[in-house]
Every structure is written in structure tokens, then in C-alpha cells.
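The entries follow in the order in which I made them.

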Amino acid sequence: MTDYKNILVEQRGNVTLVTLNRPDSLNALNTGVLADLIDAFAAYEADDTQRCAVLTGSGDKAFAAGADIKEMVEKDTAQFFNEDFFAGWTDDFTRRTRKPWIAAVNGFALGGGCEVAMMADFIIASDKARFGQPEIKLGVLPGMGGTQRLVRAVGKAKAMDLCLTGRMMDAAEAEASGLVARVVEHDRLLDEAMEAAALIASMAPLAAMANKEAVDAAFENTLDQGIKYERRLFQVITATDDKTEGMKAFVEKRDPKWTGR
Ligand code: CO8
């Protein structure tokens, strides 16, 4: 296992657990974290033994309290523009991860922290989690997709409320708004996320990737295009050995044995 400066990575069976590990700055996301995450998620993607991943934050307080303000404070516009600052989060981190992953939000998920959580396939939150896009209080706006993903997750009213006031949303409100899939007791968070990941990891891997791709397509396509895309993916996946095995196992009343073929 590679040693990273800003994250911890551990394989538990066929689930990869990635922990943001800058607790002194509430796991603030700097370019080092991004580089480590790109590398760790590429390794996860390439490792056939790994079938689901969980991303969480170290410490008891934060998933991530945002992009690292101390890294940005002295940068000027030319630098932000020249580096295409934040592009790596979209272009190199999330887009290349076709396997499923869950965000286990253990505390503050603010600014970039909320944005990274929303990049996950779904979020499981501790009852102590707080979500927000407080960038307006810094005189800026979200830069890693927050305005776009938040609207899609919770609708315009709440997205505008959060972005314009910078207020935080607690876990109950986040669940009621559709931002998070489940809220669990703080002490149960990692167990619950790892159990969900293990369940996903026990499914046919190609089917998991196809399900993820089809759900994500709903954000890009019209309903008609999306339904057609889903149908084509469904037809393609029927060519897999795992389709034959899955259906036979059901009929024969036994557990399937997936090969990932
Ligand atoms: N960046 C860097 N350091 C941070 C960050 C951060 N985002 N958040 C917290 N820290 C540091 C603090 O500076 C402090 O360090 P130190 O001990 O050296 O002073 C340490 O973490 C602990 O934080 P606090 O003492 O503030 O802890 P509290 O419990 O009092 O408060 C909060 C917790 C409410 C989470 C508070 O830390 C806070 O408000 N943090 C900032 C939240 C925020 O504004 N996030 C958005 C950041 S901007 C962003 O994500 C996208 C920007 C897009 C801009 C595009 C521009 C081009």
C-alpha cells in the first residue's frame, strides 16, 4: 500500500477505505490532498480485488471543512486561471472512477468538503454532520461544482438558501432534502458505510459499474435519451457471464458466484 502524506488508505477485504488525514486543519482540501486522492482512486479503479470504496474524514469533527483557505489566500487571478484551479477535482478525480464509492460524512462538510461528498455515488452521514457552501462569506463562490450538484441534489430553493446565506444544514435537514441517503448515529457511521460498501462489493462488478453509469446519465440526458441509454446498457450487460450466473442462481435457489466477466 502506498504511503500518502494527506490521506490514509486501507483495504478491508474487497472494500478500499480512504481517510482524509489533515485533522489539524479539519481535513482542508489542498493540492496535495487532490494529488493523493487522484492516485489512490486510480489504484482502487485498477485493482480487480477492490469492488467498492468509502471516503471519510479523520478526527471527530470534520469530513472536510473546505478547500484550504490558507493555500488560496495569497494566490492571484492569473495563478488561479493559469493553473485552472480546481479542474483536477472534476477532470482527474471523479470522472475516471467508474467503480462505486460512498462518502461517509463524519462532521463538517463545508465548501469543497460538501462538493467532494456530492461527487460520491451517495452520502451516508453521521447525525453530527453539517453541510454547507459558505464560500460567499469569503467573498467567493463554490468552485468544484457545488452550485451545480447542490441544485440537482436538493433543488433550487435550498441550494440558493445555502449558497446565498452560507448557513449550514444539519444531517436531518440534509436527509429530508435528498442530499444524503442515510443518517446514522455518529459512532455507527464507519460500520454502516463499510457494511453498505461490502454489500455493493458483493454484487456483480460489471453490473455495479453499469448501474452507476446509468444513474449518472440521468444528470446529463433528457428522459427519453436516458431511458434509451439505460436500455442499451441493460442489453449489453446481458452478454456477461455474471448475468447468466445471477439468473441461474436465482432459479436454482442458491447464492451467485460472480466472476466479473
Ligand atoms: N482551510 C484551511 N484551514 C482551515 C479550514 C479551511 N477551509 N477550515 C478550518 N481550518 C483550520 C483553522 O484555520 C484552524 O487552524 P488553526 O488551529 O491553525 O487556527 C483549524 O482548522 C480548526 O478550525 P477552527 O479553529 O476554525 O475550528 P472551529 O470549530 O472553531 O470552526 C468551522 C469550525 C466552522 C468549520 C470553521 O473552521 C470554518 O468556518 N472553516 C472554514 C469553512 C469554509 O469557509 N469553507 C469553505 C472554504 S472555500 C471552498 O471550499 C471552495 C472555495 C472556492 C473558491 C474558488 C476561488 C477561486
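Entry 1, terms. I take two strands as paired if DSSP finds at least two bridges between them. Helices (H or I, at least four residues) and strands (E, at least two) are DSSP runs, numbered from the N terminus. The model is predicted, and local features need pLDDT of at least 70, side-chain atom pairs count only at pLDDT 80 or more, and totals for chains, interfaces and linings use all residues. Residues are numbered from 1 along each chain as its sequence is written, and side-chain values use heavy atoms, with hydrogens and water left out.

Entry 2, the hairpin. I looked up strand 1 and strand 2 (residues 15-20), which pair in the antiparallel sense over 6 bridges. Arg12 has Val15 in strand 2 as its bridge partner. The hairpin has 2 residues between the strands, and Gly13 takes a positive phi near 60° there.

I read the strand order as 1-2-3-5-7-10, in an open sheet with mixed pairing. Strand 1 (7-12) and strand 10 (182-184) are at the edges with a single partner strand each, so one side of each has no neighbour in the sheet. From one strand to the next the twist averages 20°; for angles, axes are lines fitted to C-alpha atoms, for helices over the stretch in contact, and angles run from 0 to 180 degrees between N-to-C directions.

Entry 4, strand 5. Which strands pair with strand 5 in the parallel sense? Strand 3 (residues 52-57) is joined to strand 5 by 4 bridges and runs parallel to it, with Leu55 opposite Ala103. Strand 7 also pairs with strand 5 in the parallel sense, over 4 bridges, and Val105 stands opposite Ala125. Ala125 in turn stands opposite Val183 in strand 10, where strand 7 (residues 122-126) and strand 10 pair in the parallel sense over 3 bridges.

I then checked burial, where buried means under 20% relative accessible area, exposed over 50%, and partly exposed in between (1.4 Å probe, protein chains only). In strand 5 (residues 101-105), 5 of the 5 residues are buried, so the strand is largely enclosed by the rest of the structure. Trp101, Ala103 and Val105 are buried on one side, and Ile102 and Ala104 are buried on the other.

I noted a second open sheet, with the order 4-6-8-9 and mixed pairing. Strand 4 (62-64) and strand 9 (169-170) are its edges, each with a single partner strand, so one side of each is left without a neighbour in the sheet. Strand 8 and strand 9 run antiparallel and are joined by 2 bridges; Arg130 has Asp170 in strand 9 as its bridge partner. Helix 5 (residues 112-119) lies across strand 4, strand 6 (108-110) and strand 8, at about 95° to strand 6.

Is Gln133 buried or exposed? Gln133 counts as buried because its relative accessibility is 0%. I placed Gln133 in the loop between strand 8 (130-132) and helix 6 (146-165). Its side chain makes a polar contact with the side chain of Glu135 (3.2 Å). A polar contact is a pair of N or O atoms within 3.5 Å; within protein, one must be able to donate a hydrogen and the other to accept it, and residues adjacent in sequence count only if both atoms are side-chain atoms. Leaving aside neighbours within four places in sequence, Gln133 is in contact (heavy atoms within 4.5 Å) with residues including Cys114, Met118, Pro142 and Leu150.

Nonpolar side chains tend to be buried together in soluble globular proteins. I took a nonpolar core as a set of buried Ala, Val, Leu, Ile, Met, Phe, Trp, Tyr and Cys residues joined through side-chain atoms within 4.5 Å. The largest one has 61 residues, and Leu37, Phe63, Trp89, Phe131 and Leu179 have the most contacts inside it. Not counting residues up to four places away in sequence, Leu179 touches Met118, Ile123, Phe131 and Leu150, among others.

I searched the whole structure and noted 7 aromatic pairs. Rings of Phe, Tyr and Trp (its six-membered ring) pair if their centres lie within 6.5 Å; planes under 30 degrees apart count as stacked, over 60 as edge-to-face and the rest as tilted. Phe41 and Tyr44 are edge-to-face, because their planes stand at 80°, with the ring centres 6.2 Å apart. Both residues are buried. Phe80 and Phe85 are also edge-to-face, at 5.1 Å centre to centre and 75° between the planes. Phe80 is partly exposed at 26% relative accessible area, whereas Phe85 counts as buried at 14%. Ring pairs link Phe41, Tyr44, Trp89, Phe93 and Trp101 into a cluster.
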